[in-house]
Amino acid sequence: MSYSCTNTGKSQDPSSAKKSGGNNPGNCGGSGEASSSNNSHNNRGSQANANPNPAEAMKVKVGCNTTDVGVPVTTEEELLANTIITPEDVLGLQKITQNYLCGPEDNVYNIDFTRFKIRDMETGTVLFEITKPPSSNKGDKRDVDPNAGRFVRYQFTPAFLRLRQVGATVEFTVGDLPINNFRMIERHYFREQLLKSFDFEFGFCIPSSKNTCEHIYEFPALSEDIMREMIHHPYETQSDSFYFVDNKLVMHNKADYSYSGGP
């Protein structure tokens, strides 16, 4: 069974920390009925396609600078000592994490991301696409890195930094348990400076479903100086992607980025 949803969200940077985004929880694998707004989450049978009509803006946390919104500052060391990590905890982080804040075993819902695509919303040009290869039962599982698949390295040209709106399509499957309040918080840093923070709610996902969602990223404008530094220092731009179910961290992925146009 496959389902789809399309959602938009706005980034927040320190210069616009007091501006609020929209509020519209998504729903992957819902009833298939459109709500009173323009949201649409349709059952596509054996094929999952994003709805061509963009939905209203998803819920976005107000502000990247946590002191502006009353979120206490946190450290990675503090969070690693916690038994449960919440969205508010990661919103208090002031720099990229050096470690994963949860282990693969915390993904008790068997959420598995199988495809990811980035496209320029203005031209429709596909900028990046990756599909997870089919799993194989061959070989000794003891030799498998438990963090395999949790890190992605992106290579873009300098022109990427001038894009204002990018669509990120993600395809994922879920296991036998229903997923309530599935939420992603993604925070991007250059060195120790927070560049942008995104907050999306997938909503409810039915058990044993295959889901496709497109998140619309609206990037804040970066200064020429910052862009120049990011281009000249590949892979010093990094991101943490935190995934929550019912406000509890269940997955943590990481990425780094080059905008120099080469490896």
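How many helices and how many strands does the protein have? The predicted model has three helices and ten strands, where helices (H or I, at least four residues) and strands (E, at least two) are DSSP runs numbered from the N terminus. Along the sequence, these elements follow the pattern β-α-α-β-β-β-β-β-β-β-α-β-β. Residues are numbered from 1 along each chain as its sequence is written, and side-chain values use heavy atoms, with hydrogens and water left out. Because the model is predicted, local features need pLDDT of at least 70 and side-chain atom pairs count only at pLDDT 80 or more, whereas totals for chains, interfaces and linings use all residues.

Of the 263 residues in the protein, 48% are buried, a class defined by under 20% relative accessible area, with exposed meaning over 50% and partly exposed lying in between (1.4 Å probe, protein chains only). The protein exposes about 13200 Å², of which carbon and sulfur atoms supply 48%; accessible areas come from the Shrake-Rupley method with a 1.4 Å probe, and for residues only the protein chains shown count as cover. Among contacts (heavy atoms within 4.5 Å) between residues at least 6 apart in sequence, 74% join residues at least 24 apart.

An open sheet of five strands, with mixed pairing, has the order β4-β10-β9-β6-β7, two strands being taken to pair if DSSP finds at least two bridges between them. Its edge strands are β4 and β7 (193-205), each of which pairs on one side only, and the twist averages 20 degrees from one strand to the next. Axes are lines fitted to C-alpha atoms, for helices over the stretch in contact, and angles run from 0 to 180 degrees between N-to-C directions. Strand β6 (residues 179-190) pairs with β7 in the antiparallel sense over ten bridges, and phenylalanine 182 stands opposite glycine 203 in β7. Helix α3 packs on the sheet and touches β6, β7 and β9 (237-245), its direction making about 80 degrees with that of β7.

Strand β2 pairs in the antiparallel sense with β5 over eight bridges and, also in the antiparallel sense, with β3 over five bridges. Arginine 115 stands opposite glutamate 171 in β5 and opposite threonine 131 in β3. Strands β2 and β3 form a hairpin with five residues between them, and glycine 124 in the turn has a positive phi of about 80 degrees.

Side chains of opposite charge can pair when their charged atoms come close. With a salt bridge taken as a side-chain nitrogen of Lys or Arg within 4 Å of a carboxyl oxygen of Asp or Glu, the count comes to twelve. One of these joins the side chains of arginine 115 and glutamate 129 (3.3 Å, N to O); arginine 115 is in strand β2 (residues 112-120) and glutamate 129 in strand β3 (residues 126-131), 14 residues apart. Glutamate 129 is partly exposed, at a relative accessible area of 45%, and Arg115, Glu129, Glu171 and Lys210 are linked in a network of salt bridges.

Arginine 119 forms a salt bridge with glutamate 214, the closest N and O atoms lying 2.6 Å apart. Because arginine 119 lies in strand β2 and glutamate 214 in strand β8 (residues 210-218), this pair ties together parts that are 95 residues apart in sequence. Arginine 119 counts as partly exposed at 23% relative accessibility, whereas glutamate 214 is buried at 4%.
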